[in-house]
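My notes follow as numbered points.

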Amino acid sequence: MLPSPSPLSRANPVKIMIWAAVALTGALCWGVLALSRGEEISAVWLVAAALGSYAIAYRFYSRFIVTRILKPDDTRATPAERLEDGVDYQPTDKRVLLGHHFAAIAGAGPLVGPVLAVQMGYLPGTLWIVFGVIFAGAVQDMVVLFLSMRRDGKSLGQMAREEIGRVGGTAALIAVFAIMIILLAVLALVVVNALAHSPWGTFSVAMTIPIALFMGFYLHIMRPGRVLETSLIGVALLLLAIVGGGWIQESSLADTFTLSPTTLVFCLVGYGFVASVLPVWMLLAPRDYLSTFMKIGTIALLALGVVFAAPKLQADAVTDFASSGDGPVFAGSLFPFLFITIACGALSGFHSLVSSGTTPKLIAKESQVRMIGYGAMLMESFVAVMALIAAAVLDPGLYYAMNAPAGMLGNTVESASAAVANLGFTITPDELAAAAKAVEESTLVARTGGAPTLAVGMAQIFSDVIGGEGMKAFWYHFAIMFEALFILTTVDAGTRVGRFMLQDMLGNVWKPMGRVNWKPGIWLASALVVAGWGYFLYAGATDPLGGINQLFPLFGIANQLLAAVALTVATTLLVKSGRLRWAWVTGVPLAFTVAVTFTASWQKVFSPDPRVGFFAQRDRFADAADAGKVLAPAKNADDMDTIVLNSTVDGVLIILFVLLVTVVVVNAAVVCVRALRSPTLPPTTETPYVASALELPAPTAKAGVRE
C-alpha cells in the first residue's frame, strides 16, 4: 500500500507565501462583492473570487478528504484493470478520462440554472455555486466515484440495495432510475430546441461523431498512447467542423442539415443507443474528450473576455425578488428555490450516476479520483459562474424582457417594454428591436428557458473583445451551437449509465442481465433506456404541453433528491467502514440537501400560490375551465384540461419521490445505528484487494496523496 501521509507536508516558505497570496486575493475579492453598496462592480472581481476559492479548495480540502478518509491505494488493481473487456471496462489515460467525466456531468444545469437565478441577484447564486461545489457537489462526485470503484463500478442504486438493505435499496433503485429517465429527457429536449432548424449547429455537432470515431481508433489501434498527438488532430478537426458549420449555413446544403424537432428526436434516440452499446473507447470517451476542448476552450475564452472587457455587473447584488418570492422568471423565495434552480454547478444528483456508471469502470489508478472526481466538478462550477456573469452583465430590462413569461410580456416589443417597466426596469421598444436585430433574431421577447439569454450575454462579452457589434450575430449563433454540444454529451453518457443501472436492477431478478459483458443484455437494456426517455422526448417535441414538457417542472427537485440519495449512500458506507469521525464530510451536505429538497417539495405540492404549488395551479385552471375561461399558456379548452392533468401528475410524482427518498434515508439511518452498536465492523460489498500489474508513473504515484 501507499505510505500513510503525514498530517502536514514539510513547510515550504515559497509555497506558504504563494497560497497565502491566493487566499488573501480571494478574500479581498469576496469582500468587494459582499460590501458593495450601489457601486458599479466589475465582473472581474467575481471571476477572481471563484478561481481563488477553487484553488484553495482543491489544494487543501480535497487533499484532506483523500488522505484522511478515502486513502486510495495505487498498488490495488481497479475494476478497469481487473475486469477489462474492451467494451465497458478499459484502463483509460487520466487526461482522456478527465475530459470524458467532465463532458458527461456538464449538461444544461450549469448553463441555464445560474442564468435564471440572476433574478435573485448575482451574489446569492455565486455564493451557492462556489461554496456549494466545494463542500457538497465535488465531495459527492469524488466520494461516490471512489466507493463505486471499490465495488466493481456498481451503479448508485445497486450500491444502495447491497449496502443499505432490500427495502431502502429497492426504493433507491426505483427513485434513481425514474429520476434519471426524466433528467435525460429534459437534457435531450434542450438539445432538440437548440438544434432545430439550425444547419450550422446540426452540422457541427454531427461532425463530432466521425471525428470521435477516428480519434478512438487512432488512439486505441493506430497510435496507442499518443494522447497529445490525437488531441491536436481532434481539436483541429473540431475547429474545422465549427467553421464548416458556418459555410454550410450559407450554402445549398443548408436544407439538408435543417432538421425538424421530431427528426432530431429520432436522431438523438438512435445516437444514444449506438453510443451505449459500442465499446467505450470507440465513441463515447473520445467524443466526450473532444467535446471538453470545446467546452473548456469556450469558457476559458469567455473568462478572458471578462478580464479584458471588464464588463460591469448590471444586476443587483440581491434583488427584492429574493425575499418576496414573486419574481417573473420563476416564483418562490431564495430558500429553498435558489438551491433547486442552480443544481449542476453546485450540487447535482445526476453526477452521482456518472460517478457510479462509466467513470469507475475506466479509471486506471485509485489516486486519480481526486483529479477526476473533485477537479472535474470544480471545472463545471466555473462554467456556472461564467453563465451567471453572462446574464448579470446584460441590461436588466433586456434580461426580464427575455425571461418573463409571454403571458406577462405580450407579443410585441411595445407590450414587453410596458411590462418590464411595471417590474421597475426600463427598456424601450426600439432598444428591444435593436437587440434582436444585432443577433439576427426576429425577436428576443419571451425567449425563456435561460439558453437564449446566455447566448446573448456571451455574444455581448465576446463582441466587446473581438469584432464589435458587427460580430455579435456570429458570436450569438456560436453560443447556441456551443450550448447544444455542451448538453449532448450528457445524453450519450447518461444513456450508458442508465443501461448499467437497468442491468443491475434486472440482474437482481435474472442473473445473466447483471453481466455487463453479455451482449443481449447490453442491447436490451440500452433499447429500454432510450425508449424510456425517447418516448417523453418525442411527445414533448410534438406537443408543447405533453411528454417531457409535462415533467419539466420536476427537473430541479428531482435532481437534488437524487443527490440526497447519493449522499445517503456515501455517508452510510463511511459509517459502516469505521470512519464515523469523518462522516460529517458527506453528512452535513446530506442534511442541508434534505432540508432544501423536502422544503421545496412541500411548497411545490401544497403552496396556496398557484405559481408555486402544483395542486393550487390545478385548482385554478380547473375552476377556470369550469367557468369556460382559457388562461395562458393554454390556447383552448383542451389545453386547460391538459394543464390540470399535468399539475396533478407533477404533484403526485413529487410526493412519490419524496416518500421513496425518505425510505432510503430512514433505512440508512437504521443501518448506521446498527453498525455503531456492533462490536465489529459490519460486512460491506467492497471487492477484495488484488495487486495491480499496471505500471504507475512516478508523478501519478503522488497524485492525491502527497504534494
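Predicted model: local features only at pLDDT ≥ 70, side-chain atom pairs only at ≥ 80, totals over all residues.

1. Residues are numbered from 1 along each chain as its sequence is written, and side-chain values use heavy atoms, with hydrogens and water left out.

2. The span 42-600 is 72% helix and 0% strand, with its end C-alpha atoms 33 Å apart; helices (H or I, at least four residues) and strands (E, at least two) are DSSP runs, numbered from the N terminus.

3. A search of the whole structure finds three cavities of 30 Å³ or more. A cavity is a set of points, on a 1 Å grid over the protein atoms alone, where a 1.4 Å probe fits but cannot get out, and lining residues have an atom within 4 Å of a point. Grid points are joined across faces, edges and corners, and a volume is the space filled by probe spheres set on the points.

4. The largest cavity holds about 90 Å³ of space, and of its 13 lining residues, Val118, Ala315, Asp316, Pro396 and Tyr400 are the closest to its centre. Helix α17 gives the most to this lining, with three residues.

5. The second largest cavity has a volume of about 60 Å³, and its lining includes Leu183, Leu187, Phe555 and Asn559. Helices α8 (166-195) and α25 (555-576) each supply at least two residues of that lining.

Conventions: 1 Å grid on protein atoms, 1.4 Å probe; cavity = no way out; pocket = protein on both sides within 12 Å on 5 of 7 lines; lining within 4 Å.
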